[in-house]
Amino acid sequence: MLHDGMTEGPLAALREAVERTRAVTRDRPPTGLGHDDADDNAGTIDTDSARDFDPLPLLTALHEAGARVAVIGQVAGILHGSRELTGDLDLLWDGDPAQAEALAEAFTAVGAELVDDDGRPVPLTPQAFLLPKVQFESCNASGDCCTVALPWGTLPVREFLDRALTVSGPDGLEVRYLRREDLIAMRREVGRPKDLRRAEELERL
């Protein structure tokens with residue numbers, strides 16, 4: 001199924017990246033580092049979060065729960081054709097309390113655990129998702145679930161969210177993700193070495 005001029009190719013690229021990540025991390029000894037400890041140059045591929053990384057179970061659970069979220073970060077980059085691997089999944093949603101129950105349902109379905117931005121455990125309830133950001137960890141994916149209320153500097157993230165692309169797979173899975181130009185703007189605003197490198201790659205695609 002085609003949405004916004006996109007084919008299901010982005011999901012095939014994501015599945016292929018998951019397989020490459022498994023190959024890279026299969027025999028690698030544990031580092032003791034999680035996604036929040038990632039080096040600003042290498043990124044989360046060098047952390048334990050990359051071991052068994054597969055964002056598709058959570059993305060499927062979010063779709064089935066009817067949660068309207070968009071993928072940001074390097075998973076979105078991969079959906080646009082980036083070849084650089086990652087070990088975390090970052091999500092953006094509008095913060096509407098009416099969506100919180102669907103988010104809690106999806107994260108519960110994958111057995112996720114939540115912490116706040118200071119690393120304190122947060123019960124997995126709809127109220128948890130009313131925070132500007134929660135960090136999550138599940139068997140296959142960890143990362144950040146952010147709202148537009150998080151300080152984003154000068155970035156018009158609500159506009160980014162409103163115009164996000166959607167891709168559908170043959171199994172009916174739908175995934176929303178930021179447009180390439182919006183992802184580039186977000187990368188350049190953050191400005192870490194890995195962000196600038198990935199922004200340059202996206203500009204070449």
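How many of the residues of strand S2 (residues 89-93) are buried? I looked this up first.

**Ground rules.** I am working on a predicted model, in which local features need pLDDT of at least 70 and side-chain atom pairs count only at pLDDT 80 or more, while totals for chains, interfaces and linings use all residues. I number residues from 1 along each chain as its sequence is written, and side-chain values use heavy atoms, with hydrogens and water left out.

**Strand S2.** I find 5 of the 5 residues of S2 buried, so S2 is largely enclosed by the rest of the structure. Here buried means under 20% relative accessible area, exposed means over 50%, and partly exposed is in between (1.4 Å probe, protein chains only). Strands (E, at least two residues) and helices (H or I, at least four) are DSSP runs, numbered from the N terminus. I checked the side-chain directions: Leu89, Leu91 and Trp93 point one way from S2, and Asp90 and Leu92 point the other way.

I then looked for the neighbours of S2, taking two strands as paired if DSSP finds at least two bridges between them. S1 is joined to S2 by 3 bridges, and these two run antiparallel. In that pairing, valine 71 stands opposite leucine 91. S2 is also joined to S6 by 5 bridges, and here the strands run parallel. Tryptophan 93 stands opposite threonine 147 of S6.

**Strand S5.** Which strands does S5 pair with? I find 3 bridges between strand S3 (residues 113-115) and S5, running antiparallel. A further 5 bridges join S5 to strand S6 (residues 142-147), also antiparallel. I noted glutamine 135 in S5 as the bridge partner of valine 115. Glutamine 135 also stands opposite aspartate 144 in S6. For burial, I count 4 of the 5 residues of S5 as buried, so S5 is largely enclosed by the rest of the structure.

**Aromatic pairs.** I searched the whole structure and got 2 aromatic pairs. The rule is that rings of Phe, Tyr and Trp (its six-membered ring) pair if their centres lie within 6.5 Å; planes under 30 degrees apart count as stacked, over 60 as edge-to-face and the rest as tilted. Phenylalanine 107 and phenylalanine 129 have ring centres 5.2 Å apart and planes at 35°, so I log the pair as tilted. Phenylalanine 107 lies in helix H4 (residues 97-109) and phenylalanine 129 in the loop between strand S4 (121-122) and strand S5 (133-137), so this pair ties together parts 22 residues apart in sequence. Both phenylalanine 107 and phenylalanine 129 are buried.

For phenylalanine 107 and phenylalanine 136, the ring centres are 5.1 Å apart and the planes are at 70°, so I log this pair as edge-to-face. Phenylalanine 136 is in strand S5 and phenylalanine 107 in helix H4, so the pair ties together parts 29 residues apart in sequence. Phenylalanine 136 is buried, as is phenylalanine 107. I record Phe107, Phe129 and Phe136 as a cluster linked by ring pairs.

**Helix H6.** Which residues of helix H6 (residues 180-190) are buried? I list Asp182, Leu183, Ile184, Met186 and Arg187. These buried residues pack against strand S1 (70-72), helix H3 (73-79), helix H5 (157-162) and helix H7 (193-204), with contact taken as heavy atoms within 4.5 Å. Just after H6, glycine 191 takes a positive phi of about 75°.

**H6 against H7.** The axes of H6 and H7 come within 8 Å and cross at roughly 155°. Axes are lines fitted to C-alpha atoms, for helices over the stretch in contact, with angles from 0 to 180 degrees between N-to-C directions. Residues of H6 including Leu183, Ile184 and Arg187 meet residues of H7 including Leu196, Ala199 and Glu203. I also looked up glutamate 181 and glutamate 203, 22 residues apart along the chain, and found their C-alpha atoms separated by 8.2 Å.

**Aspartate 52.** Aspartate 52 has a positive phi of about 65° although it is not a glycine. I place aspartate 52 in the loop between helix H1 (9-25) and helix H2 (56-65). At 52% relative accessibility, aspartate 52 counts as exposed.
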